[in-house]
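Reader: I would like to learn how to read a disulfide and a nonpolar core, with a worked case for each. Could we go through them slowly?

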Amino acid sequence: MTPRRTRTTAALIAATVLGALAGCSSEPKPHRAAEAIGTHGVKAVEPKPKPVDQGLPGMPPVLDPKDLYSADRPDKLSPVVKDFPSRVYVPNTESDTVSVIDPRTYKVIETIPVGRQPQHVVPSWDMKTLWVNNDKGNTLTPIDPKTGKVGRTVDVHDPYNLYFTPDGKYSIVMASLDRELVFRDAHTMKTVKTVPVSCYGVNHADFSADGRYFIVSCEFSGELLKVDTAKMKVVGQERLPFKGAMPQDVKISPDGKTFYIADMVANGMWVLDGKNFTTPELLPTGKGTHGLYVSRDSREMYISNRGEGTISIFDFAKKKLTKKWKLPDGGSPDMGGVSSDGKVLWLSGRYDAEVYAIDTRTGKQIARIPVGDGPHGLAVYPQPGRYSLGHTGIFR
């Protein structure tokens, strides 16, 4: 390019720029929210923040996305329950009673008559009430955990188990024999929506980190359901890849990425990607795998093997079993919970009319306590946490 052409081109560019500036010499436009003025008078465009999924509307915010159980630290009791006496409530399915144990003395201090075949003792979402699920009696018996007084029973058909949506609006009755998920008002227990299911024996569940869905085990047909919480609708269903599978307790990992499902016939727990709901893999743990309980530091999970009288220990970080504790003289460890301080694992002895207290540091049995016949879903209460999702105490 010749010098003359260069000068001409430069002049044209300059004229164009001046013209553009002249066109902008009217009233200045306001800056957009995403723009800022830099130190040299140049606009710096800030990146727009990515929308944050706050989870199910009305659900208390997750405190730590890396640990859903961060509110469950030792003795971190909510103001709602901090003055409640420490007790272990044991529903005896064949005696139609609830045995109340004082954990300081390891003795039964009261026996409460309830309805026919009580299966689980369930803390309400607001943690103010314990609901006894009288399955064959078709009732719920409320217990005030502050005073120990029994309230008026509520008519609810086939209440095998009970859960609460993370927003605290609804209870979800696991109507096992009716083949239904029944959404009810969390306080009055009046029916809001009945969801028929094609699987058989809905019994246990746990919610995703954002509370938007939950995974349900179907005991008698060996299947899993994925349910949309807000829509109250089954959005996924799959049969477990094991002949005669009998899934039981369900628990989500601290990081919210994995669901674990105990299986008492497959003798292990299924490891499930809940988000994608793909076919889970089986991790053998022991005969008659039944209950799943997270330690107070969120590092381990206690797995009760009802058919062999043992408790397997699963390490979340290592993603493998690290220990196995054996009950002296055998037993049938079933459902239960961890003490407020995290030092004792409490489990019902389903076929032995007893309850086991186990030291979580050593795995040694502390006590075997005689109770009524067929003890099942016992609740250790109170426990740390902000709210309850149901069962024998799933706190977040």
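Author: A disulfide is a covalent bond between the sulfur atoms of two cysteines. In this predicted model, a disulfide joins C199 to C218, with a distance from S to S of 2.1 Å, and the count comes to one disulfide.

Reader: Which parts of the chain does the pair link?

Author: The two cysteines lie 19 residues apart and link distant parts of the chain, since C199 sits in the loop between β13 (191–196) and β14 (202–207), whereas C218 belongs to strand β15.

Reader: Are C199 and C218 buried or exposed, and why is the disulfide called left-handed?

Author: Both C199 and C218 are buried. The torsion about their S-S bond is about -55°, and therefore the disulfide is left-handed.

Reader: Now to the nonpolar core: how many residues does the largest one have?

Author: In soluble globular proteins, nonpolar side chains tend to be buried together. Here the largest nonpolar core has 24 residues, and F259 and M301 are those with the most contacts inside it. At least two residues of this core come from each of β15 (213–218), β18 (247–252), β19 (259–263), β20 (268–272), β22 (289–294) and β23 (300–305), and β19 gives the most, with four residues. Apart from this core lies another, of 22 residues, including L56, M59, Y163 and I172.

Reader: Which residues is F259 in contact with, leaving aside its neighbours within four places in sequence?

Author: With those neighbours left aside, the contacts of F259 include Y213, I215, V250, I252, W270 and L272, as well as D206 and K251.

Notes
Residues numbered from 1 in each chain as written. Predicted model: local features only at pLDDT ≥ 70, side-chain atom pairs only at ≥ 80, totals over all residues. Heavy atoms only, no water. Core = buried A, V, L, I, M, F, W, Y, C linked by side-chain atoms within 4.5 Å. Buried < 20%, exposed > 50% of the residue type's maximum accessible area, 1.4 Å probe, protein only. Contact = heavy atoms within 4.5 Å. Disulfide = S-S within 2.5 Å.
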